[in-house]
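Open the model in your viewer and keep the selection tool at hand. Each stop says what to select next and what is there.

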Amino acid sequence: MDKIRNILLVDDDDTGNFVTKMFFSSNKLGVQLSVVENGREAVDYFNSQKANYPDLVLLDINMPLMDGFEFLQWYEKNGYIGKTKIAMFSSSIREDDKQRALPFKDVVDYIEKPLTLSKFKLISDKLTG
C-alpha cells in the first residue's frame with residue numbers, strides 16, 4: 001500500500017465526525033472518507049464490499065449497538081484479517097483500552113481524538129512503510 005486513499009470512520013459523535021471531515025478537507029490529503037455511526041453499520045459496510053475495502057478504518061470504542069471491540073471481534077471471526085488496517089480512534093486515554101485493542105491483528109495504532117497532521121502521518125508511515 002503506497003498511499004492511504006480510502007478511509008472508513010466508525011464513530012457515533014456527530015461533532016467529532018464533522019471535525020474529522022473538515023480535517024481531511026482542509027488539509028487536502030486526497031482521501032475519500034466514508035462515515036458510519038457504529039460497529040453494526042461498519043459490519044454492513046464490510047459485508048457490502050466485494051473487494052474494495054478501505055485502506056484504513058478509524059474506529060471509535062464507545063458506540064451504541066456494537067462498540068469498537070465488538071466490531072474487532074466480528075472482523076477477525078468473519079475472515080477480514082489482512083483486508084485493511086485499523087487505528088483505534090478514541091477520546092479514551094485509558095491504558096487498558098489501548099492494551100486491549102493492540103493485540104487484534106490489523107490494529108496498527110491507538111490514537112486520541114482529534115486527528116492532527118502529526119497523528120495522521122504516524123499512521124500513514126506505519127501503513128506505507
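Select Gly79. Just after helix 3, this residue takes a positive phi of about 80°. Helices here are DSSP runs of H or I with at least four residues, strands are E runs of at least two, and both are numbered from the N terminus. This is a predicted model: local features need pLDDT of at least 70, side-chain atom pairs count only at pLDDT 80 or more, and totals for chains, interfaces and linings use all residues. Residues are numbered from 1 along each chain as its sequence is written, and side-chain values use heavy atoms, leaving out hydrogens and water.

Go back to the start of helix 3. A side-chain oxygen of Asp67 comes within 3.0 Å of the backbone nitrogen of Phe69. Now colour the buried residues of helix 3: Gly68, Phe69, Phe71, Leu72, Trp74 and Tyr75. Buried means under 20% relative accessible area (1.4 Å probe, protein chains only). Their cover includes helix 2, strand 3, strand 4, helix 4 (95-101) and strand 5.

Pick Phe71. Not counting residues up to four places away in sequence, Phe71 touches Gly39, Ala42, Val43, Phe46, Leu59 and Met66. Contact means heavy atoms within 4.5 Å.

Which residues have the most contacts inside the largest nonpolar core? They are Phe46, Leu59, Phe71 and Met88, in a core of 25 residues. Such a core is a set of buried Ala, Val, Leu, Ile, Met, Phe, Trp, Tyr and Cys residues joined through side-chain atoms within 4.5 Å. Helix 3 gives the most to this core, with five residues. A second, separate core of 15 residues includes Leu58, Ala87, Ile111 and Leu115.

Move to helix 2 (residues 39-48). Its buried residues are Gly39, Ala42, Val43, Tyr45 and Phe46. At the start of helix 2, a side-chain oxygen of Asn38 is within 2.9 Å of the backbone nitrogen of Arg40.

Next, show strands 1 and 2. They run parallel, joined by five bridges. Leu9 stands opposite Val35 in strand 2.

Last stop: Asp60, in the loop between strand 3 and helix 3. Is Asp60 buried or exposed? Asp60 counts as buried because its relative accessibility is 4%. Leaving aside neighbours within four places in sequence, Asp60 contacts Val10, Asp11, Asp12, Gly68, Phe89, Ser90 and Lys113.

Key: Buried < 20%, exposed > 50% of the residue type's maximum accessible area, 1.4 Å probe, protein only. Polar contact = N/O pair within 3.5 Å; in protein donor to acceptor, adjacent residues only side chain to side chain. Pairing = 2+ DSSP bridges.
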